[in-house]
Amino acid sequence: MTPPPDTGLAAAPERSIFAQEGGGGALPGWAPYGAFVGALVFAGAVEAALGWFTIALMLVFGALLSIVAIYAWSRTVEGRRRAKDRAITMAIATAFGASMAPLISLLYEVIKRGARGINWEFFTTTGRGVVSGGGAQHAIVGTLIITGCAVVISVPIGLMAAIYMNEYGRGPLRRALTFFVDVMTGIPSIVAGLFAYALFELFFGPGIQMGIMGSIALSVLMIPIVIRAAEEVLKIVPDHLREASYALGTPKWKTITKVVLPTSFAGLVTGVMLATARIVGETAPLLVTTGVVSSLNTNPFQGRMQNLAVYAYNEYRSPGVMKQASYDRAWAAALVLIAIVMILNVIARLVYRRYKTEIR
Amino acid sequence: MAHFDTTTNAGQLLAAASGGRRRRGDRIFSNAAVIAAVTILALLAGVAIFLVTEGFPAITASAAELPKGESFLDYVAPLAFGTCLAGVLAMIIAVPLAVAVALFITHIAPPRIALTLGFFVDLLAAIPSIIYGLWGIFVLGPAAVPAMKWLEAKLGFLPIFAGPASITGRTMLVVGLVLAVMILPIISAVAREVFAQTPRKLQEGAQALGATRWEMIRTTVLPFGRSSVISGAMLGLGRALGETMAVAIILSVSGGVTFNLISQANPSTIAANIALNFPESSGLAINLLIATGLVLFVITLATNFFARWIIARSEVR
């Protein structure tokens with residue numbers, strides 16, 4: 001470590017400490033944006049001149065070029081270390097842009113292609129008795145029933161388990177639960193489906209498929225998410241609230257139901273909604289457990305039941321005579337699914353922001 | 001002032017006063033909590049037990065009895081290879097991007113818009129896998145065809161780009177890209193959390209010494225977050241290994257074991273193979289698929305344990 005030459009600093013105190021590195025000036029505030037736009041324009045112009053212009057290539061080359069450009073520019077004005085900082089900042093920002101590109105492309109395509117298949121028929125008719133065409137009413141109803149049953153199974157179990165872990169648990173059972181909830185989070189969805197199938201096959205014989213089996217498979221996936229979310233919000237309820245309640249002579253179970261749960265209510269609702277959003281689009285476990293069917297079935301305890309995700313898969317996989325119409329319906333189902341997921345996500349966050357209890 | 005005996009257990013006193021009713025309420029409620037806890041353990045044990053009992057007939061069956069005429073190990077080995085190849089490929093693509101996304105949100109983007117950006121990254125995680133599958137086959141696959149032809153022409157001497165390049169885009173490379181998009185939010189969520197927790201005094205100390213932002217990130221944020229990023233990557237890998245629908249839709253499979261990422265002939269993955277074959281199977285074929293599901297379960301468990309082990313080890317230090 002050599003101390004910086006103090007002559008330089010003393011002589012020119014207004015210059016930056018990077019002065020010693022060479023350069024010593026500073027780029028204007030718009031420099032990164034300027035470099036990026038300039039690089040894009042340059043890349044586009046070169047490609048156009050060569051005759052193979054595409055937007056994707058322009059973005060790729062432009063991004064790479066902008067990193068080099070900002071480095072060279074900063075190197076001459078600001079010195080080596082600043083230049084490296086700027087180049088890496090640019091690289092991280094473009095990597096972020098590259099990571100968001102699929103999301104934008106995906107939303108754009110789903111909306112564009114899905115809109116073609118969305119019409120009145122899509123929501124009001126089923127696929128029963130039609131060779132080609134029909135709607136997805138049976139799939140929408142099936143999705144609501146299967147997901148609803150899964151929520152009804154998962155929320156009480158998950159919530160009580162989280163209460164156990166946070167309020168009661170100690171010793172080996174608690175440790176085991178913490179560990180195995182982690183394990184459960186990692187179960188692949190198809191394995192959850194196979195489990196539900198294997199369970200029911202034992203009692204009902206091979207080939208059994210019904211709505212409730214799908215709900216049980218989804219519960220295996222949903223319970224650990226609910227526990228994680230509930231544990232998180234129960235943990236932040238401060239102990240002095242519980243102690244104040246005990247001091248008034250309130251028994252523990254009433255303290256939990258009247259003090260702890262209301263305090264964390266908004267967080268719990270948000271957690272359940274996000275967990276629901278995670279399972280509502282599951283396909284693989286339902287393909288195995290609820291099967292493919294083209295008519296409406298509202299009884300989860302008997303017979304196959306269609307749902308939106310499997311419907312979309314099936315319209316893609318075995319399209320009708322009018323291939324494009326089938327694909328359109330697959331995309332329409334995807335659009336409805338994404339809308340459900342987004343609405344659940346947004347409402348969950350609004351609920352949290354609006355109703356969360358201020359804890360001081 | 002009345003004398004108040006502080007040694008008396010107030011709870012007991014009150015319980016006695018109300019005739020034990022509240023104690024019964026306590027007992028019922030705590031029992032319900034314990035039952036829920038035990039149910040979860042039983043459920044997980046059930047997953048393992050039912051997979052083993054239903055898969056066992058296929059594992060012990062001779063090659064001739066099984067539908068494909070090959071033994072269980074011969075059947076599952078290429079699938080396990082394809083599963084690991086797709087998963088590792090996705091992880092290699094996703095980890096650097098996820099770290100960049102996390103750094104961008106925590107340290108580079110203005111704090112005011114960082115929250116919104118975080119919300120969009122989380123949305124990526126919420127999109128159902130079937131939609132990624134449709135996007136992969138209809139949008140990304142066709143778009144990747146020229147790029148893969150270019151790779152074959154320029155880098156064809158590498159075994160992974162040996163080609164012949166697929167003309168439909170239903171290749172392992174596209175699957176890896178789609179899986180990478182799917183696991184990126186998982187890894188970046190973990191990385192984001194730990195990067196944001198880097199002690200302020202370390203960061204400010206580095207900057208007080210004259211470090212640029214990148215030097216500060218390199219010397220404080222990245223070392224602090226390293227083990228969490230590794231474990232996040234393993235969690236993402238676990239997710240990619242078990243991913244079903246996107247692979248089932250996109251990948252064109254032939255069953256052979258190959259590292260060639262851009263050709264039409266790819267090894268399938270365990271999960272995709274189950275989804276593709278389950279609806280048309282019966283009898284021992286079902287047992288065979290469940291047995292492969294058991295193998296997948298074991299692989300993902302091992303990956304997750306490894307991730308937890310890394311976290312636990314770094315917490316001790």
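## Chain contact and helix packing

The contact between the chains draws on 72 residues from chain A and 66 residues from chain B, where two residues touch if their C-beta atoms, placed from the backbone, lie within 7 Å. This is a predicted model: local features need pLDDT of at least 70, side-chain atom pairs count only at pLDDT 80 or more, and totals for chains, interfaces and linings use all residues. Residues are numbered from 1 along each chain as its sequence is written, with chains lettered from A and ligands numbered from 1 in the order in which they are written.

**The chain A side**
- Helix H4 (residues 80-117) of chain A gives the most to the side that touches chain B, with 19 residues; helices are DSSP runs (H or I, at least four residues) numbered from the N terminus.
- That side of chain A divides into 53 nonpolar, 10 polar and 9 charged residues (Ala, Val, Leu, Ile, Met, Phe, Trp, Tyr, Cys and Pro are nonpolar, Asp, Glu, Lys and Arg charged, the others, Gly among them, polar).

**Helix H3 of chain A**
- Helix H3 (residues 55-77) has 23 residues, which at 1.5 Å a residue should span 33 Å, and its end C-alpha atoms agree at 32 Å apart (the expected span is 1.5 Å times one less than the number of residues).
- Helix H2 (31-50) and H4 of chain A are among what covers the buried residues of H3(A) (buried: 20 or more other C-beta atoms within 10 Å of the residue's own, C-beta atoms being placed from the backbone).
- Those buried residues include A:Met58, A:Ile67 and A:Tyr71.
- After H3(A) comes A:Gly79, with a positive phi near 105°.

Terms used:
Helices (H or I, at least four residues) and strands (E, at least two) are DSSP runs, numbered from the N terminus. A residue is buried if 20 or more other C-beta atoms lie within 10 Å of its own, exposed if 12 or fewer, and partly exposed in between; C-beta atoms are placed from the backbone.
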